[in-house]
Amino acid sequence: LVTAAEMMWVDDLLNKVDANIEFLSQLDIGYPEFESVHQLQCNLDPIGVALEFMDQVGRPVTKDELVRTVQKLSGVLLSEPVA
């Protein structure tokens with residue numbers, strides 16, 4: 001999702017990757033999950049609107065809510081390492 005990020009956030013996102021390099025290097029994400037993330041990127045507009053609406057409630061969106069929203073709007077079920 002880095003490609004969809006605003007440029008001002010890219011440095012922060014890359015710093016998070018650098019800080020978690022050991023954990024990230026142990027993740028096993030196969031082609032089906034990679035393809036699911038691609039399908040998710042194709043549906044970012046309605047997902048973004050839904051997440052912004054949820055954010056306006058005044059609390060952070062939980063991982064479970066994110067997974068449910070993505071599945072409902074795009075048909076993609078995010079696995080634990082991807083979510």
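**View 1. A nonpolar patch on the surface.** V17, I21, F23 and L24 come together as a nonpolar patch on the surface, and their accessible area is about 360 Å² together. Patches are built from residues with over 30% relative accessible area and no salt bridge; like charges are joined within 9 Å, and nonpolar side chains (Val, Leu, Ile, Met, Phe, Trp, Tyr) within 5 Å. A salt bridge here is a side-chain nitrogen of Lys or Arg within 4 Å of a carboxyl oxygen of Asp or Glu. Accessible areas follow the Shrake-Rupley method with a 1.4 Å probe, and for residues only the protein chains shown count as cover. Please keep in mind that this is a predicted model: local features need pLDDT of at least 70, side-chain atom pairs count only at pLDDT 80 or more, and totals for chains, interfaces and linings use all residues. Residues are numbered from 1 along each chain as its sequence is written, and side-chain values use heavy atoms, with hydrogens and water left out.

View 2. Helix 2 (residues 21-25) gives the most to the nonpolar patch, with three residues. I21 lies in helix 2, while V17 sits in helix 1 (residues 7-19). I21 is partly exposed, at a relative accessible area of 49%, and V17 also counts as partly exposed, at 36%. For these labels, buried means under 20% relative accessible area, exposed over 50%, and partly exposed in between (1.4 Å probe, protein chains only).

View 3. E65 belongs to helix 5 (residues 63-74). With a relative accessible area of 12%, E65 is buried. Its contacts (heavy atoms within 4.5 Å) include M54, R59 and P60, once neighbours within four places in sequence are left aside.

**View 4. Stepping back to the whole protein.** Buried residues account for 14% of the 83 residues. The C-alpha atoms fill a box of roughly 35 × 30 × 20 Å along the principal axes. The accessible surface comes to about 6600 Å², and 58% of that belongs to carbon and sulfur atoms.

Technical notes
Helix = DSSP H or I, 4+ residues; strand = E, 2+ residues; numbered from the N terminus.
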